[in-house]
Amino acid sequence: MSCHGLSKSRIIAWKQCPKRLWLQIHRRDLLEVSDDTEHRFQIGYEVGEVAQGFYPTGILIEDEDDLSAALKSTKAAMEAYPDLPIFEATFQHDGVLVRADLLLPTAAGYRMAEVKSSASVKPYHIDDCAVQAWVVKQNNIPLASIELAHIDTSFVYQGDGNYHGIFRHENLDDVIYPLLKMVPAWIQEARSTLSGDEPNIEPGAQCDDPFECPFKAYCTQPIKEPVQPKYSLDVLYRMHTEAKEALRTKGFEDACQVPPEFLNETQQWIQRVSQTGIPELSPNAGVALASLTYPRYYLDFETINLAVPRWANTRPYATQVPFQWSCHIEESHHQLSHEMFLDVSGKDPRRLCAEKMIEVLGDDGPVFVYYQAFEKGRIAELAELYPDLAPALHAINLRVVDLLPIARANYYHPEMKGSWSIKAVLPTVASDLRYDLLIVGNGGDAQAAYREILHTNTSDARKQELTIGLREYCKLDTLAMVRLAWFFQGEQ
């Protein structure tokens, strides 16, 4: 049996699914890294930099692409500077490579801390740290503790560059040490997987747990079309997983074939439209809008919730900072103008965002949104942050009209596949408005684009490209609401 070099990440990939590891080594041509994965990596780098910043005398082992050099640099650094922290310390044993995020010297040995951008300890973190600790201990490095440093979402950044308190260090000794004896078996089984043929493993929960597998498209493509009906049980709005499993055990996979007694009123509606292929629009949708006055405002926010807070009085992941909004204004019937706010300066955008919004939205007229909990929540947060603007902001919230419940109660098209999200509804109402042609095509893309704009290494040309993408995306979101309102009123 040939010997395959392994790393901690490869062993964790094997634990998620042996087939994933096999494909990662033998069929890298099939690998598809999603944008979400790339975004997660970038956040991880940013979090790692903050963790290293707490130890200004630390030594970074930079030989990332040269294993031999990294091993030598680590050994030299530990011998020459036994009292200094080491970042990315590199060790190998029995062909298994690990790099420790933080190796912190104490009188009793090193504190080994893995730094994660998550807000809690995840099960796969435990395996991750176990592999790392095993390799380090096989190199006869004394470990005083094995820790995982994750983001503490209760931390409130003061805007002064001080991030002390952003990490919560969890001591994992009690759970890691019992696992160490299992690591050699994991290594052996991973190598056995790599030395054999491609594992025959059916797609399942492991395809997305703990992360979406980069080979998911390859593994699911051959079976997707033959086994899935056009309208699976997943189109049945708010049907619990247990209920769907019960239907499958009775032999029902097609939503169109489920007996009506198993469905609520909304699900029966979805089934009927799916069976006939004829979309249904109730006149009540137009009635709900007919009494509303002009001018009408169509508002949408884009926000960012950073792992590493950038502005004062914000918390990791917990604070949604609005950096952009779009507003289409219907001054009179079908007479449109457009206003937008977008701050890419890197300064705290919230005050200016609120002031410009108050200026544009004026004192009267309905403010249309799609899913009011989000927009009203952000406006309420701005009101709490800026008491002098609070009366005007609260007044805006009183004018909000949510198009989502109107859509959900009155319109369904078979191509919506059980979803009333704006992305699902829009193609059935205004097929000429397309997100797939944009540089920034969804909310996740918008956050990633804004994060990239703020990064110091981003070129001016790239910043300009992303800024244009953000403008086009947010503008389309509010134009989509305009077209939807017109459609509800029997107009286009």
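1. Val33, Phe41 and Tyr45 make up a nonpolar patch on the surface, together showing about 310 Å² of accessible area. Bear in mind that this is a predicted model. Phe41 sits in helix 3 (residues 35-53).

2. Now for the inside. Nonpolar side chains tend to be buried together in soluble globular proteins. Here the largest nonpolar core has 59 residues, and Leu236, Tyr370, Trp420, Val425, Leu470 and Phe488 have the most contacts inside it. Helix 18 (residues 460-488) is the top contributor to this core, giving 12 residues. Another core, of 39 residues, lies apart from it; Ile61, Leu143, Leu179 and Leu194 are among its members.

3. What does Leu236 touch, leaving aside residues up to four places away in sequence? The list is Ala255, Val258, Leu263 and Gln267.

4. Strand 4 (residues 96-106) deserves a look too. It is mostly covered, with 8 of its 11 residues buried. Strand 1 (residues 6-7) runs parallel to strand 4 and is joined to it by 2 bridges, with Ser7 opposite Leu97.

5. The pairing of strand 4 with strand 3 (residues 86-93) is antiparallel, over 7 bridges, and His93 faces Val96 there. These two strands form a hairpin with 2 residues between them, where Asp94 has a positive phi near 55°.

6. Strand 5 (residues 109-115) is also antiparallel to strand 4, through 5 bridges. Leu102 has Ala113 as its bridge partner in strand 5, and this hairpin, too, has 2 residues between its strands.

Notes
Residues numbered from 1 in each chain as written. Predicted model: local features only at pLDDT ≥ 70, side-chain atom pairs only at ≥ 80, totals over all residues. Heavy atoms only, no water. Core = buried A, V, L, I, M, F, W, Y, C linked by side-chain atoms within 4.5 Å. Buried < 20%, exposed > 50% of the residue type's maximum accessible area, 1.4 Å probe, protein only. Helix = DSSP H or I, 4+ residues; strand = E, 2+ residues; numbered from the N terminus. Contact = heavy atoms within 4.5 Å. Patch = residues over 30% accessible without salt bridge, like charges linked within 9 Å, V, L, I, M, F, W, Y side chains within 5 Å. Areas by Shrake-Rupley, 256 points an atom, 1.4 Å probe, with all protein chains shown as cover. Salt bridge = Lys/Arg side-chain N within 4 Å of Asp/Glu carboxyl O. Pairing = 2+ DSSP bridges.
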